[in-house]
Amino acid sequence: MAKITFPVEASHIMMFARSIGDTNPVYHDAAAAKDTEVGGIVAPPTFAQAVAQFDPDYHLRPKPGEKWFGSAKGPSGIEGRPASSGGLHAEQHFEYHRPLRPGDVLTAETKPGKTWEKESKRAGKLTFRERITEYRDQKGELVVTARGVGVTTERPVDQG
Amino acid sequence: MALKASALKVGDTHSECVVENLSRTQIVQYAGASGDYNPLHSDEVYTTQVAGYPSVFAHGMLTMGLTGKMLTNYVGDGRLTKFGVRFTNQVWPGDTLTAKATVADIRDEGGQKLVDLTVSTVNQDGKEVVSGSATARLDP
C-alpha cells in the first residue's frame, strides 16, 4: 500500500477533539497548552486514525463522479447492491512513542497482518482482517504504531 | 496532572461519564473530523433499509476516542504509551457511556515507572461496549 503523507494541523486537532467531546485546552488553546507538561498543543490519543482524510483512495469517503453506496434518491446509490452489513471495526491498538503535535508531517504506511475466521451466534461467519500502520515523523522516527482489526459479518449483528 | 506511582495501588479506579444521550449530530461531527463517512454512522435510510440495522450507530473509533478522554484526564497529557480496545457491542444514538480504568499493575521499565490499566466502557444498561487496556508513564 502506498505511503500517505499526513500533515498534523492545529485546526484539525481542535475539530477532532470537539467531535469526541474533549474540552481539554491542550487540544485547542496554544497559550494554555504552553504551560502544561507537554509544552504545547498535542493530539488526542486516537487522532492518528484521521489519516483517512489524507488517503486519496479512502473507500469510506464519497468522491465526485463515483457512485456512493449511501442513500440519495433511493436507499442506496448503487442499484442492485446486495444487502450487506458491511465491515465493522473489531479492535484497535495504538503504541505511542511520543505525542503528535501540530507541524508534524507524518508518513503512514499500512501493511496487512493476519486473517482469521470465527463463527458467531449473533452475526454468522466472521472474517477478521488485521492491518498494521506505522506513522513516522519528518525525521523518519516511529511515533505511533497502530494495529486495527476489521470484521466482515455474514449478516447484520443481532441486537437481541 | 500526572499520576504518581507512590500514590497508586493495584485495584484503584477512575471513571467518567464520557457522553450523555449521544446525538446523531455528534456522530456526524466525528465522521467529519475523522474522515470516516461510512453511511452506517450517519445515513438512517441506508442503514435501516439496506444494511438492516435498527438505526445508525457510532463509529467504534468515536467510542474509543470518548474512552481515551477518560484516560488522558486520569493519567495526564502525553503520558500514554499504549492504548488498545476491542469493540464488544455497538453504540447507538441516545446512549450514555461511562468509561472506567482500573490499575492492574505498577511496574518499572528501565527506570521509568509505568501503570498498566484495564479499560472498560459501558452503556446506560451496564452493557460493555469497549474492553481494553492501556499503559502510561508515571511520576515516581
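Some ground rules. Residues are numbered from 1 along each chain as its sequence is written, and chains are lettered from A in the order in which they are written. Because the model is predicted, local features need pLDDT of at least 70 and side-chain atom pairs count only at pLDDT 80 or more, while totals for chains, interfaces and linings use all residues.

Chain A. It has two helices and five strands. Helices here are DSSP runs of H or I with at least four residues, and strands are E runs of at least two, numbered from the N terminus. The order from the N terminus is β-α-α-β-β-β-β. The C-alpha trace spans about 55 × 35 × 35 Å along its principal axes. Of the 160 residues in chain A, 29% are buried. Buried means 20 or more other C-beta atoms within 10 Å of the residue's own, with C-beta atoms placed from the backbone. Take contacts in chain A between residues at least 6 apart in sequence: 63% join residues at least 24 apart. A contact means C-beta atoms, placed from the backbone, within 7 Å.

Now, the two chains together. Chain A puts 45 residues into the contact and chain B puts in 44. On the chain A side, helix H1 (10–19) and strand S2 (87–96) are the elements giving two or more residues. S2(A) has the largest share, eight residues. By type, that side splits into 22 nonpolar, 17 polar and six charged. Nonpolar is Ala, Val, Leu, Ile, Met, Phe, Trp, Tyr, Cys and Pro; charged is Asp, Glu, Lys and Arg; the others, Gly among them, are polar.

What does S2(A) pair with? Strand S2 of chain B, residues 80–87, antiparallel, over five bridges. Pairing needs at least two DSSP bridges between the strands. A:Glu91 has B:Arg86 as its bridge partner. A:Glu95 stands opposite B:Lys82.

S2(B) has another partner in chain B. Seven bridges join it, antiparallel, to strand S5, residues 128–137. There, B:Phe87 is bridged to B:Val130.

Last, the core. A nonpolar core is a set of buried Ala, Val, Leu, Ile, Met, Phe, Trp, Tyr and Cys residues joined through C-beta atoms within 7 Å. The largest one holds 73 residues, and A:Ala48, B:Leu71 and B:Ala134 touch the most other members. Helix H3 of chain B, residues 60–75, gives the most, eight residues. Leaving out residues up to four places away in sequence, B:Ala134 touches residues including B:Leu71, B:Leu80, B:Lys82 and B:Phe83.

Technical notes: A residue is buried if 20 or more other C-beta atoms lie within 10 Å of its own, exposed if 12 or fewer, and partly exposed in between; C-beta atoms are placed from the backbone. Two residues are in contact if their C-beta atoms, placed from the backbone, lie within 7 Å.
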